[in-house]
Amino acid sequence: MKIVACIKRVPTTDAQAKITPDGKGLDAAGFQYMTSFYDEIAVEQAIRTKEALGGDVTVLTVGPTEASKEVRECIAKGADGGVILTDATWTGRDARATAKVLAAQLAAMGAEVAFFGKVATDRDNGAVGPMTATYLGWACVTDVVELELGADGGTAKRETESGVETVAFSLPAVLTCDKGLNEPRYAGLKGIMAAKKKPLEEVAFEDVPNQAQVARLELPAARAEGRIVGQGADAVPALIDALRNEAKVL
Amino acid sequence: MTTTLVFVEHNDGTCRRAALECLGAAASLGGDVVAVLCGPGSADAAARAGAHGAAKAVVLAGGDAFSPDAVAKDIAAVAQDLGATAFLAAATSRGKDLAPRVAAHLDSVLFSDCTALSNEGGALHATRPWLAGKAIAHCTSDGPVFCATTRVNSFPVNETGGAAEVSERPASTDGKVKVTGLAAKESGKLDVAEAPVVVSGGRGLKDPETFAILDELAAAFGNAAVGASRAVVDAGWRPHSEQVGQTGKVVSPNLYIAVGISGAIQHVAGMKTSGTIVAINKDADAPIFKLADYGIVGDALEVVPALTEAIKAVKAQG
Ligand SMILES: Cc1cc2nc3c(=O)[nH]c(=O)nc-3n(C[C@H](O)[C@H](O)[C@H](O)COP(=O)(O)OP(=O)(O)OC[C@H]3O[C@@H](n4cnc5c(N)ncnc54)[C@H](O)[C@@H]3O)c2cc1C
Ligand SMILES: Nc1ncnc2c1ncn2[C@@H]1O[C@H](COP(=O)(O)O)[C@@H](O)[C@H]1O
């Protein structure tokens with residue numbers, strides 16, 4: 001089976017936001033980067049799929065050349081190669097543009113199943129997976145927490161507010177991975193050494209202009225300063241009073 | 001003139017509160033609001049949508065099992081037929097699953113999880129978090145249709161008392177994905193992302209057994225859900241569906257009570273837009289107190305039972 005895991009290089013979750021002087025961007029000075037949290041789950045599921053059904057796994061990203069570090073780290077866990085779709089002027093793309101670029105690449109690669117993260121922890125879109133599937137005309141299940149996959153399709157479980165849904169789907173498919181689907185493995189030394197010899201292609205691509213425009217970016221308003229109402233169980237009446245008469249939430 | 005199509009999610013005719021909020025969000029764009037609904041009970045839900053600001057409602061009739069790709073295609077066709085300038089859905093599991101597909105059919109970008117929407121002289125603006133709310137982006141779109149999902153508990157429910165003109169349209173049945181079952185939650189159990197009150201616990205609750213004092217506190221409120229920090233989810237005390245934070249759920253209840261939670265940046269990202277925040281922690285220097293409106297320094301195992309009794313007394317008074 002031709003298996004692809006789509007990953008995004010994002011700032012680490014402890015990054016502090018600073019706004020650029022034009023008020024429209026994030027100041028990247030001081031950022032460190034990682035493979036987005038859920039994308040590690042996608043990579044793990046891709047490797048498990050290969051182990052169960054055979055085939056090969058490609059790690060795919062649209063991003064700057066520097067993303068080769070994250071792609072190599074993912075390959076080291078047991079993927080067969082990587083592709084970085086990159087251009088000289090990489091500044092990030094909106095969800096639609098990213099999905100269009102990924103859809104064209106997945107079609108060109110002859111992918112049969114593509115694992116995505118449920119959301120990338122930078123722009124928090126949670127949109128690229130299902131948008132890519134829609135552009136391709138593929139099946140898509142989002143927020144997968146359990147998966148049974150065969151040669152032609154499978155069933156997946158997803159957690160909703162009302163309970164756990166069971167969803168049947170056909171291949172080719174995009175599956176977006178939620179926490180709980182698996183525990184990502186660590187790359188061993190052998191994997192890290194092997195990854196150095198595996199193919200990592202940088203491919204230029206046809207640009208898709210963004211539709212989303214940032215009018216302005218700001219830091220969230222600081223919350224009004226709070227107060228300690230007291231110590232221990234004796235402070236409960238003071239808390240109740242504040243919740244009823246000040247905050248008016250009781 | 002804007003025409004906004006709103007996906008109104010309902011369970012057998014009962015509209016989700018988040019869907020009514022989404023109709024409220026549509027009102028902030030001005031112009032006409034049209035609801036689109038699917039599934040059993042849609043006629044009843046359409047009437048509710050009318051009473052909350054929809055001038056028209058389109059019901060996707062028929063269709064066997066729920067099929068998100070088929071429904072998305074149908075919604076996009078409705079948007080196109082109407083000449084809709086905007087499409088909105090609530091950022092629930094279903095809305096987050098459908099909206100990107102609808103947006104792709106309309107070849108339009110999607111603004112996810114918006115906390116505010118506005119119409120500034122005909123230009124539609126979306127306000128949405130980046131980096132789990134560490135920055136707030138105000139965005140516009142050059143695309144054909146302005147597509148957005150609205151964050152739960154961020155928009156008002158407007159009871160307008162109007163009536164929607166309802167029409168039907170046959171639903172497609174050629175989906176590649178079909179929902180074949182739902183293991184429903186215990187009835188009456190509120191989801192942490194939707195509940196107006198959330199009581200969350202962390203490692204300070206000691207062990208899974210003592211954690212249960214939060215179930216009692218939630219029960220005393222009646223309209224509360226239990227949340228958890230990642231530390232206790234990873235330790236297996238609580239299910240992942242209850243985790244609040246950057247890699248859990250982002251919640252924005254009217255009242256958030258953090259018990260025995262230190263206030264790590266990834267946890268805070270998931271709850272800092274809550275209306276009122278209360279922290280109970282034995283360490284007066286815990287970072288959560290910097291965020292809290294009201295704090296009690298003390299042992300959770302003593303404070304929580306006392307709080308539960310006090311809430312019961314308040315509720316008994318009505
Ligand atoms: C990539 C990544 C993603 C993450 N995502 C999330 C996420 O989504 N959500 C999340 O929550 N975390 C997340 N984390 C983890 C986060 O960094 C913290 O480790 C976690 O939130 C800590 O949980 P805690 O507050 O329960 O535990 P601790 O930090 O151990 O805090 C326990 C608190 O309990 C207090 N305490 C102890 N005993 C008592 C008592 N008897 N009574 C009252 N108070 C007491 C202590 O003073 C302390 O403040 C993430 C981390 C990473 C690296
Ligand atoms: N630039 C990118 N390159 C490859 N995959 C991406 C990219 N952006 C997003 N994705 C995938 O789409 C998922 C959801 O991203 P998003 O819709 O931006 O939250 C991510 O978890 C990745 O799997």
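Biologist: In which strand of chain A is I228(A) found?

Modeller: The model is predicted: local features need pLDDT of at least 70, side-chain atom pairs count only at pLDDT 80 or more, totals for chains, interfaces and linings use all residues, and side-chain values use heavy atoms, with hydrogens and water left out. Residues are numbered from 1 along each chain as its sequence is written, while chains are lettered from A and ligands numbered from 1 in the order in which they are written. Helices (H or I, at least four residues) and strands (E, at least two) are DSSP runs, numbered from the N terminus. I228(A) is found in the run of residues 227-231 of chain A, strand β13.

Biologist: Is I228(A) buried, partly exposed or exposed?

Modeller: Buried means under 20% relative accessible area and exposed over 50%, with partly exposed in between (1.4 Å probe, protein chains only). The relative accessibility of I228(A) is 41%, so I228(A) counts as partly exposed.

Biologist: Which residues does I228(A) touch, beyond those up to four places away in sequence?

Modeller: Contact means heavy atoms within 4.5 Å. With residues up to four places away in sequence not counted, the partners of I228(A) are F289(B), G295(B) and V297(B).

Biologist: How is N281(B) placed, and which backbone oxygen does its side chain reach?

Modeller: N281(B) lies in strand β17 (residues 276-281) of chain B and counts as buried, because its relative accessibility is 10%. Leaving aside neighbours within four places in sequence, its contacts include F289(B) and V297(B). At 3.2 Å, the side chain of N281(B) reaches the backbone oxygen of I261(B).

Biologist: How much area do chain B and chain A bury between them?

Modeller: The contact takes 86 residues from chain B and 79 residues from chain A. Buried area is the accessible area (1.4 Å probe) that two parts lose on being put together, summed over both. With 56% of it on carbon and sulfur atoms, the total is about 6,800 Å².

Biologist: Which residues of chain B lose the most area to chain A?

Modeller: Three residues together account for 11% of what the side of chain B buries. They are W130(B), L131(B) and Y294(B).

Biologist: How many salt bridges are there between chain B and chain A?

Modeller: A salt bridge is a side-chain nitrogen of Lys or Arg within 4 Å of a carboxyl oxygen of Asp or Glu. E165(A) and R94(B) form one, with the closest N and O atoms 2.6 Å apart. The count between the two chains is 6.

Biologist: Which helix gives the most to the side of chain B that touches chain A?

Modeller: A polar contact is a pair of N or O atoms within 3.5 Å; within protein, one must be able to donate a hydrogen and the other to accept it, and residues adjacent in sequence count only if both atoms are side-chain atoms. The rule finds 50 residue pairs in polar contact across the interface of chain B and chain A (both at pLDDT 80 or more). With 9 residues, the helix that gives the most is residues 93-105 of chain B, helix α4.

Biologist: Is R94(B) buried or exposed?

Modeller: R94(B) is found in helix α4 of chain B. Among the residues it touches, not counting those up to four places away in sequence, are R158(A), E165(A) and F66(B). Its relative accessibility is 18%, so R94(B) counts as buried.

Biologist: Which residues does the cis peptide bond join?

Modeller: Most residues other than glycine have a negative phi, and most peptide bonds are trans. P172(A) is found in the loop between β9 (163-170) and β10 (173-177) of chain A. With omega about 0 degrees, the cis bond joins L171(A) and P172(A).

Biologist: What is the phi of K248(A)?

Modeller: K248(A) is in the segment after α6 (236-246) of chain A. Its relative accessible area is 61%, so K248(A) is exposed. Although K248(A) is not a glycine, its phi is positive, about 55 degrees.

Biologist: How far apart are the end C-alpha atoms of helix α1 of chain A?

Modeller: The expected span of a helix is 1.5 Å times one less than its number of residues. For the 17 residues of helix α1 (residues 37-53) this should be 24 Å, which agrees with the separation in the model, 25 Å.
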